[in-house]
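Colleague: I have not looked at this one before. Can you walk me through it?

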Amino acid sequence: MVRFSNNLVGILNFIVFLLSIPIIAGGIWLSRQGTSDCEKFLDTPVIVIGVFLLLVSLAGFIGACCRVTWLLWIYLFVMFILIVLLFVFTIFAFAVTNKGAGQVLSNRGYREYRLGDYSNWLQNRVNNNKNWNKIRSCLVDGKVCTEFNVKFARDTVDQLYQEHLSSIQSGCCKPADECNFVFVRPTEWTVGSSNSTNPDCGLWNNDPKTLCFNCSSCKAGVLDNLKRNWKKVAIINIVVLVFLIIVYSIGCCAFRNNKEENHYPRWK
């Protein structure tokens, strides 16, 4: 009779194996259909993750159900490395997102964001031109500011000032308040007289593909959004970590069963 732990490891890995197939297919589809840097940026990581899950799940399934001890040993080793990496990433995510918050403005429903308020590691990521070009492409392709313009098209300037904008809308889709530009519509402003030393004021452009996408405020808005998402991911990671530790423990039991079977084979 096959041991319960072997059965359970086999079932869990068979489910992961099935899930890996659409992940790989999705990555291949993105690589063929992707036309923008944003879409092309995603295809390779998706394929790598899918292939990784496929190989690991196969090792776990065959190792547990067919009693191949060396495959199960590889599976457990990879699982252990994965648990360690996930633990380190969770701690790292909490550490790098500990700094940074939007600046509260008087008589404004939104906040404005400064790049220098965030951790140096995050700043370096968005200050890298290669990284930022991909992020910028995603913002343009995602029509973030186009939707912002449509949503608040009927607002007067005073009404817009009271809107609760997201960090990306505030940082990328409109100029900073200190620039003192004249409002035309949410994504169109006329340059006025200003004594501001903020370099973002000179980077603003009414072109829908430019706006403030090259501004430090936009980078800061992206980091603020990333910060909140990473904290959510870190919390989810804790749950995943507990699950992986349980699966790893069951896998250890299956590995012990395999060793016992090899030393003391059951005769019919």
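Modeller: D177 and R108 pair through their side chains in a salt bridge, with N to O at 2.4 Å. Keep in mind that this is a predicted model.

Colleague: Where in the chain do D177 and R108 sit?

Modeller: They link distant parts of the chain, 69 residues apart. D177 is in the loop between α8 (167-172) and β3 (182-185), and R108 is in the loop between β1 (103-104) and β2 (111-112).

Colleague: Is R108 buried, exposed or partly exposed, and why?

Modeller: R108 counts as partly exposed because its relative accessibility is 27%.

Colleague: What does E178 pair with?

Modeller: E178 has a salt bridge with R114, and their closest N and O atoms are 3.1 Å apart. This pair also links distant parts of the chain, 64 residues apart: E178 is in the loop between α8 and β3, while R114 is in the loop between β2 and α4 (120-127). E178 is partly exposed at 33% relative accessibility, and R114 is partly exposed at 24%.

Colleague: Which residues are linked in a network of salt bridges?

Modeller: R108, E112, R114, K174, D177 and E178 are linked that way.

Colleague: And how many salt bridges are there in the whole structure?

Modeller: A search of the whole structure gives 7.

Colleague: How do R228 and D224 come out, buried or partly exposed?

Modeller: R228 is partly exposed, with a relative accessible area of 38%. D224 counts as buried because its relative accessibility is 8%, and the cut-off for buried is under 20%.

Colleague: Why does K219 have no salt bridge?

Modeller: A salt bridge needs the side-chain nitrogen within 4 Å of a carboxyl oxygen. D200 is the nearest side chain of opposite charge and lies 8.3 Å from K219, so no salt bridge is counted.

Colleague: What is K219 in contact with, then?

Modeller: Leaving out neighbours within four places in sequence, K219 is in contact with L115, V126, N127 and W132.

Colleague: What about W230, buried or exposed?

Modeller: W230 is buried, with a relative accessible area of 17%. W230 is found in helix α10. Not counting residues up to four places away in sequence, W230 touches F89, F92, A93, V96, T97 and W121.

Colleague: How far apart are W230 and T69?

Modeller: C-alpha to C-alpha, W230 and T69 are 38 Å apart in space, and they are 161 residues apart in sequence.

Colleague: Changing topic to pockets. What is the volume of the largest pocket?

Modeller: The largest pocket has a volume of about 750 Å³. Its lining has 19 residues, and those nearest its centre are I49, F52, L53, L82 and V240.

Colleague: Which helices supply the lining of the largest pocket?

Modeller: α1 (4-33), α2 (37-65), α3 (69-96) and α10 each supply at least two residues. α2 gives the most, with 6 residues.

Colleague: What classes of residue are in that lining?

Modeller: The lining of the largest pocket has 16 nonpolar residues, 3 polar and no charged ones.

Colleague: Last one. Where is F77?

Modeller: F77 is in helix α3. At 45% relative accessibility, F77 is partly exposed. F77 and P186 are 109 residues apart in sequence and 54 Å apart in space, C-alpha to C-alpha.

Conventions. Residues numbered from 1 in each chain as written. Predicted model: local features only at pLDDT ≥ 70, side-chain atom pairs only at ≥ 80, totals over all residues. Heavy atoms only, no water. Helix = DSSP H or I, 4+ residues; strand = E, 2+ residues; numbered from the N terminus. Buried < 20%, exposed > 50% of the residue type's maximum accessible area, 1.4 Å probe, protein only. 1 Å grid on protein atoms, 1.4 Å probe; cavity = no way out; pocket = protein on both sides within 12 Å on 5 of 7 lines; lining within 4 Å. Points joined across faces, edges and corners; volume = space filled by probe spheres on them. Nonpolar A, V, L, I, M, F, W, Y, C, P; charged D, E, K, R; others polar. Lys, Arg positive; Asp, Glu negative; His and termini not counted. Contact = heavy atoms within 4.5 Å.
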